[in-house]
Amino acid sequence: MSSKRGAWTNLNQAYLHAWVRVLRSRLAELCEASDTAKKSAAGESVSATNSVFVEPDWPSEQRPPALFNLCHLLRLSAFERGVLMLCVALELDPSTAQLYVAAQGNPPRPYATLNLALRCFPQSQWNALTPSAPLRYWQLLTLVGEGPLTTQALALDERILHYLMGVTYLDPQLENYVSWSPSSTLLPPSQQTLAEQIVAKWLAEEAGSPLINLYGGTSTSRAAIAKVAGQYKGARPYRLEISNLPAETELRNRFQRRWEREAALGNHTLLIEIDDLNRQEKPAFLETFIQRQQGRLLVSSDEPIKLSQRSVVRLEVTPPSATELQQLWQQVMGEETLQQFEGSFSSVVGPLISQFALDPSGIGQVAEKVRQGRQDSSPSSFSEQPLKEQLWAACRQQARLRLDDLAQRLEPVATWDELVLPAVQMQTLKAIVSSVQQRSQVYEDWGFGQKSRRGLGISALFAGGSGTGKTMSAEVLAQALSLDLYRIDLSAVVSKYIGETEKNLRRIFDAAEQGGVILLFDEADALFGKRSEVKSSHDRHANIEVSYLLQRMESYRGLAILTTNFKNAIDGAFLRRIRFVVSFPFPDATQRAEMWRRVFPAQTPTQSLAPEKLARLTVAGGNIYSIAMNAAFLASAEASPVTMRHLLQAAQSEYGKLGKKLTDTEVRGWI
């Protein structure tokens, strides 16, 4: 294959040099005609030589030269081809400039001009250099200098010169906008079928390629499908995030024309990704940008798009089935690893499929990471339990890639033993854990997921004052489920600009979906509130934002937790859509005493502490932890165990922070 390519390249370049020789001969004729005109009595200029211009020959049995392809793809006439080659000749043989000067007279013009082309070639076209004609429309040539149009210099675009020489690369002016698609080409059968349908649509269209809209699923899956389809017949697929384009209409149009030229010359396909655009922006933006786009074009979106003046073929991307995902895991793990776990592989990957919504690309990266790690270990490390742990940990890491930029990941350290709550609240928290662990069996095996897709998410509201254990309980759940915990401050997510809050929430949920992580939405009061009536458009949109959050929580495959200090501020209609509601009461004296017994780590030296006396402090669990830690610092500075004296000093500091004053009743008998 490479030898054939090399032979064609040599032949193609020889053909261009043959053009240079023909043009030099033609220019010599013009010079001779010009000399004859000067000697004539009338002194009138000669418009053109009458001899027939004959282009160089090309072997018919060979693949056409790049010049033929360019003229065919961009619809250049014979005259326009000649104009183009006048500019190419200067690049291949700079000495040709001397003939240009001789042929054009004074003042010296060592470059190609329209006037020179009109004299050089028969069947001349005056309109060849109009802005709408191919040479300038496709930016093959540009006019340089001032003065009459016919005498301005014609400058050849560098990308076109290299193309004619047989060198292919992406136009540098496009590099900031489009990129070679990095997506995996590993597809499950259902998505492979979609890629084949796209190719069939392209092949069936004679008048032009239809616009293909891939919607649903994940953006990575849509990109992988587009890449597989886009590579047919040796094409190269590129990706464009629509938000990367310049805002100025002129620059955007210039990019569009440049891309159309590149797509035609390079047989490229383009995937336009509009996932991050606000819904209100999509129709107007797409109408102006996509309407005139030619060639093989795909649009990736969360929802189907509509265009008023162009037909759209919409193909929905659905998540792979559990069976397809297991086949993918088997495929990417490799035979050598599978042989170590005969009869147990499904028990290893089953929980992964249930918990992590990884696409084929993510599965491939996880498998490669684990397989590489196990190859670096001793053979004795191959056992079912370590493999489960390694795969689970690798899946968690893979799912973090997108979410770490959008939310704060908390490292959970709290355990059930450290949590002090009434029995009802503890029972509810354990029910949440069971729901997450058993959802696959209930939804899939027992058929509840087939009844309705609504309400399958596991949502919870943690309501209570500051320091009563809401965040600590979320940490305990994350520890129990071996899942990542991400904190999202809703007060920071909510935007005064209409549509921005919904956009921010969508990005968070889309990124979290891969790993089914625990999402902890703090400060829910910033978004929720009782709205008995709508008084303005902002009130109406705030209700839409709340509905969108609840909708995503209901469909989210992980656990989503809202926290609030004021449960009464949340509308009862919203509360009914949340699966679990846990009220965190202010701890009573018995609970506070138990907290004091558990607050110090086992390795902390203590002396003569009285939990019942400490429990007289009317503070929540968060304040108890703060007092204990500050007392430990005071004792450490004295090289002493923690005593009631240190705790008294730390309590005074904590109360000062809270704007309260210690009473004699609270601290009587401490020292």
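Begin with the contacts of the whole chain (heavy atoms within 4.5 Å): among those with a separation of 6 or more, 76% join residues 24 or more positions apart. The model is predicted, so local features need pLDDT of at least 70 and side-chain atom pairs count only at pLDDT 80 or more, whereas totals for chains, interfaces and linings use all residues. Residues are numbered from 1 along each chain as its sequence is written, and side-chain values use heavy atoms, with hydrogens and water left out.

Next, colour by secondary structure. The protein has 28 helices and 14 strands, taken as DSSP runs numbered from the N terminus (helices H or I, at least four residues; strands E, at least two).

Switch to a surface. Of the 671 residues, 49% are buried (under 20% relative accessible area; exposed is over 50%, partly exposed in between; 1.4 Å probe, protein chains only).

Now select residues 66–74, helix α2. Its buried residues include Ala-66, Leu-67, Leu-70, Cys-71 and Leu-74. They lie on the same side of α2, because they cover an arc of only 135° around the axis, taken from the directions from the helix axis to the C-beta atoms. Step on to Arg-75, which follows α2 and has a positive phi, near 60°.

Cys-31 is buried at 13% relative accessible area, and Cys-120 is buried at 0%. The disulfide count (cysteine sulfur atoms within 2.5 Å) is 0.
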